[in-house]
Amino acid sequence: MTDANLYTRLESRFPQPTAERRFAILPDGRHYSYADVDQLSGRFANTLVALGVQPGDRVAAQVEKSIEAFMLYLATLRAGAVFLPLNTAYTAAELAYFLGDAEPRVFVCDPAKADALAPVATEAGAKLETMGVYRPDATAPGTFFEEVDAAGCAFRTVNRAPDDLAAILYTSGTTGRSKGAMLTHQNLSSNAEVLADYWRFTADDVLLHALPIFHTHGLFTSSMTLMAAGGSMIFLGRFDADQVVEWLPKATSLMGVPTFYTRLLDHPGFTRELVGHIRLFTSGSAPLLAETHARFEERTGHRILERYGMTETNMNTSNPYDGERRAGTVGYPLPGVELRIANPETGEVLPQDETGVIEVRGPNVFKGYWQKPEKTAEDMRADGFFITGDLGVIDERGYVTIVGRAKDLIISGGFNVYPKEVEEAIDALPGVTESAVIGLPHPDFGEGVVAVVVPENGAQITGDSVAASLKDQLARFKQPKHVFLVDDLPRNAMGKVQKKELRDTYADVFKG
Ligand code: AMP
């Protein structure tokens, strides 16, 4: 059987990893070639094996973004183990849940957190190692590097079957406990190869990488696609608009979440001249406002390519590279991905133009939730389609539009209210930057519609004036019964508006 290890697959696309082929450029001036990647990931893989990691074992990491952290991921793949990246914001209590659930052999954390996390690692039976961020003026801190010093570079990548696990990523878990999505070598390699091709990445591409690497977008969609094309990355520790503006002249592409683009549009240095040479800007992980799309095109002449994916499925759809990139839509299903819209209750497949739950099937779709077969079964149809929980609609040209999460759907007085429809009406009002519409417990209607609105700087609007402006635009049951004005909407690291947080904040508005 041919080896399906993702690392081997990526490497085999480029038979000779040469010292000349550049892999990463770091803002501190360091450069890595693909030959360096081979050697460093080999040393890290030998280190993992020396620490007792066997194929199939989990290697968990809660570390700051760095090229070394990325090498730890590649080394885990090469050792045939399963990478478990953890959001750097998670607290010790949250980590106790993840480590207890995934039972990793090794847990690598930031040196500054080692004391606090040692009991958590012990409780989960994991060996604790530390990894800090390299600084030119200091030796790379962390026990893992001390182990690496003793390791050789030569490592024979462990053979894997297509269905073997490469990674477990815990979903952001806005309802209930977060679940570990099991991603196989095939899931990741198929998506990387399809995207490299669909988005026309080549070895000449330089991706400006400013996303976190504990999430699917930064770890897989961007890095794996780039590696599948043999291109290189400018690897920034995080998104910082000044730094991105400084490095864009050296890049050919940027993959971002919508907030990257709104922040760049607010930056005086972000000009048409700065990005005239850029080949591709993509956006995903959260909805890109049509208005941002339009402003971006006006400023730069570029149309952002919006795509749609999720932790469990990798990328599902994309706007076309050559055809029309339609604002507000997420484009067409990617090659090899089947997508349909179904009635959420009955599973009946719905015709074009009808809104329902998005279901997908293909080599990109995950193997299931870690140690949760019942939950996996709940979210899978008998014919292998995964029920994404996103509501969407397909138009006459085959473009998919996401209307929101099924759990955010508001049912008021028995009528369905799609928050996005109300948000679009509010966002179009003068003086409004953006809005979030939620449903809250209501004594008569079951749920009542509530809007939380961010006004433009200095705009003369009030909650009542927003509500009044909607009276002629929306059916009565869709009109917000309360409109709150706020400075900012709560967002997570990927720029997603945290509706659960809003529902908690305003939980009592219809009570008493
Ligand atoms: P995550 O698993 O953190 O990547 O979150 C996946 C979810 O993000 C999806 O199920 C969608 O609800 C949302 N999402 C991803 N891309 C888009 C997009 N382009 N537009 C709207 N929502 C998106």
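Which residues form a negative surface patch? The views below show a predicted model, in which local features need pLDDT of at least 70 and side-chain atom pairs count only at pLDDT 80 or more, while totals for chains, interfaces and linings use all residues. Residues are numbered from 1 along each chain as its sequence is written, and side-chain values use heavy atoms, with hydrogens and water left out.

**View 1. A negative surface patch.** Glu348, Asp353, Glu354 and Glu396 form this patch (patch residues have over 30% relative accessible area and no salt bridge, and like charges are joined within 9 Å). Glu396, in the loop between strands S19 (386-394) and S20 (400-405), counts as exposed because its relative accessibility is 53% (exposed means over 50%, buried under 20%, and partly exposed in between, with a 1.4 Å probe and protein chains only).

**View 2. The side chain of Asn319 beside the backbone of Arg326.** Asn319 lies in the loop between strands S14 (314-318) and S15 (332-333) and is buried, with a relative accessible area of 1%. A polar atom of the Asn319 side chain lies 3.0 Å from the backbone nitrogen of Arg326.

**View 3. The salt bridge of Asp395 and Arg326.** In this salt bridge the closest N and O atoms are 2.8 Å apart (a salt bridge is a side-chain nitrogen of Lys or Arg within 4 Å of a carboxyl oxygen of Asp or Glu). Asp395 lies in the loop between S19 and S20 and Arg326 in the loop between S14 and S15, so the pair ties together parts that are 69 residues apart in sequence. Salt bridges with shared partners join Glu324, Arg326, Asp395 and Arg397 into one network.

Technical notes:
Patch = residues over 30% accessible without salt bridge, like charges linked within 9 Å, V, L, I, M, F, W, Y side chains within 5 Å. Areas by Shrake-Rupley, 256 points an atom, 1.4 Å probe, with all protein chains shown as cover. Lys, Arg positive; Asp, Glu negative; His and termini not counted. Charge placed at Lys NZ, Arg CZ, Asp CG, Glu CD. Helix = DSSP H or I, 4+ residues; strand = E, 2+ residues; numbered from the N terminus. Polar contact = N/O pair within 3.5 Å; in protein donor to acceptor, adjacent residues only side chain to side chain.
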